[in-house]
Amino acid sequence: MSAAVNAIFSEGRWSSVDRVADVLNPYTGETVGHMARAEAGQAVAAARAAGRFRCEAPAHERGAVLLRTADEIQNSAEVFVRSIVEETGNTHKDAVSEVRRAVAQLRFGGEEAKRLTGESIATDVTDYTARRLAVTLPEPLGLICAITPFNRPLNQVVTKVVPAVAAGNSVIVKPSEKAPLTAGLFVRALLDSGLPPGMIALVTGDPLEVGEALVSCEYVDMVTFTGSAAVGQRIARRIGMIRSAFELGDSGALIVADDADLSAAVSAAAAGAYATAGQSCRGVKRILVQEQVADEFADMLVEATERLVVGDPRDPGTDIGTLIDEPAAVRVERRVAESVDGGARVLAGGRRRGAQFWPTVLDHVDRGAPLVCEETFGPCAPLVRVKDLADAVDYLNAGRVGLQAGVFTQRIDDAMRAARELQVGAVIVNGGPQFESPNIPFGGVKDSGHGREGVRYAMREMTRLKTLVL
């Protein structure tokens, strides 16, 4: 199974293009594959062909394709793991976890495909309405344009393609130009598992050329996008009156109250801040620690951080690999330096080598520092000291993002207050904002986007209701 994507998949076949780009391993700098650089016209042609396809396969067949794809990926797990590691610099550990999550989503989607139903509604609810029976029929929207980021090059694609296929849509995938190879492997696995070739397209290339062409063309019925808020807002202005779902990241918060189980909170903080080298939209980007326990928490987090192994992502013993490229690591380094200039203290890490940035603990971070006010894609655990839960809630709600937040407390009243008052898409009690499960809704508020992922909920986003009155 080859990782090269030096062709696009369109109109049911792989087609080579004249322009290609190297895909580099961010740890070694070696070329690990090639990406086709499609032109705008080729992207639109692919969308036109996919948009014309109408899936006739019944729900159980679509579900069976997803289940077979899950088996295919599980049986070829090491191929996918190697592809993820080579093109992203994510560790072998993180890649194994990503493949496991993708398989779980495929299996869940395979079952959910058979559960997409409408409802029956009696109409005799007023004194002027005749007694009739209304039946709602969920129908696929048509063509879903899925634009995905680099940080989880398999799971991010799976998250969008699975509900689209389960609901009977065709889908055109535009993966990140920084990590396109694993998406090609996934499309091949779908096709090998019996997905009708006309039901999917894969187009790679420059986002300003290919992405803009796709979101503005007339053949797309929905855009589902994961990426930065700036790009998401630009897409929203372009697409007009079609369905959309945007997951635009966060500065994910973990609140640690003075009665928290500090060992559990430290474990959640380290896992959330450092997984995939901190390149996770729902990861821990800031830790709001109540002043009474801040010193103890900081000491424990430093100890946990210093146990982590930074090194070759291909080594199964490595905990922290690289960022996607050296410029990304430089941006994190700059954010840390700005925070130090503003009064923060580096307690662990804080150094960079190429695309690698050591896991970093900072204390006394200013609340207005870009490190914590904007999404920082890097392995940083910044501590912001707060007086109490109300202080933490007020601070978070004053910002423009709100994806997920975690709160560690033993007081049920405080947990419920956080759940009621925090302006986020999900509150995780005694867990980090990185919590996920394929059967629950996932999405944000404010500048973190709109719409919901999670297979069942994304399927609703990707269908429209028709009403039949009998």
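Before anything else I note that I am working from a predicted model. In what order do the seven strands of the open sheet lie, and with what kind of pairing? I read the order as 14-17-18-13-12-19-20, and the pairing as mixed.

I then looked at the edges, where I found strand 14 (345-348) and strand 20 (426-429); each has a single partner strand, so one side of each is left without a neighbour in the sheet. From one strand to the next, I have the twist down as averaging 25 degrees.

Next I looked up the pairing of strand 13 (residues 286-290) with strand 18 (residues 380-386), and I noted that the two run parallel and are joined by four bridges. Here I placed isoleucine 287 opposite leucine 383 of strand 18. Turning to what packs on the sheet, I found helix 10 (residues 291-306), which touches strand 12 (253-256), strand 13, strand 14, strand 17 (360-363) and strand 18, and whose direction makes about 140 degrees with that of strand 13.

My last entry concerns helix 13 (residues 389-397) and helix 14 (residues 412-421), whose axes come within 11 Å and cross at roughly 15 degrees. Because the angle falls under 35 degrees, I recorded helix 13 as roughly parallel to helix 14. I also noted that the crossing of helix 13 past helix 14 is right-handed. On the helix 13 side I listed Leu389, Ala390, Val393 and Asn397, which meet Asp414, Arg417, Ala418 and Glu421 of helix 14.

Methods
Residues numbered from 1 in each chain as written. Predicted model: local features only at pLDDT ≥ 70, side-chain atom pairs only at ≥ 80, totals over all residues. Heavy atoms only, no water. Axes fitted to C-alpha atoms, helices over the stretch in contact; angles between N-to-C directions. Parallel < 35°, antiparallel > 145°, perpendicular 65-115°, else oblique. Left-handed = near helix turned anticlockwise from the far one by under 90°. Contact = heavy atoms within 4.5 Å. Pairing = 2+ DSSP bridges.
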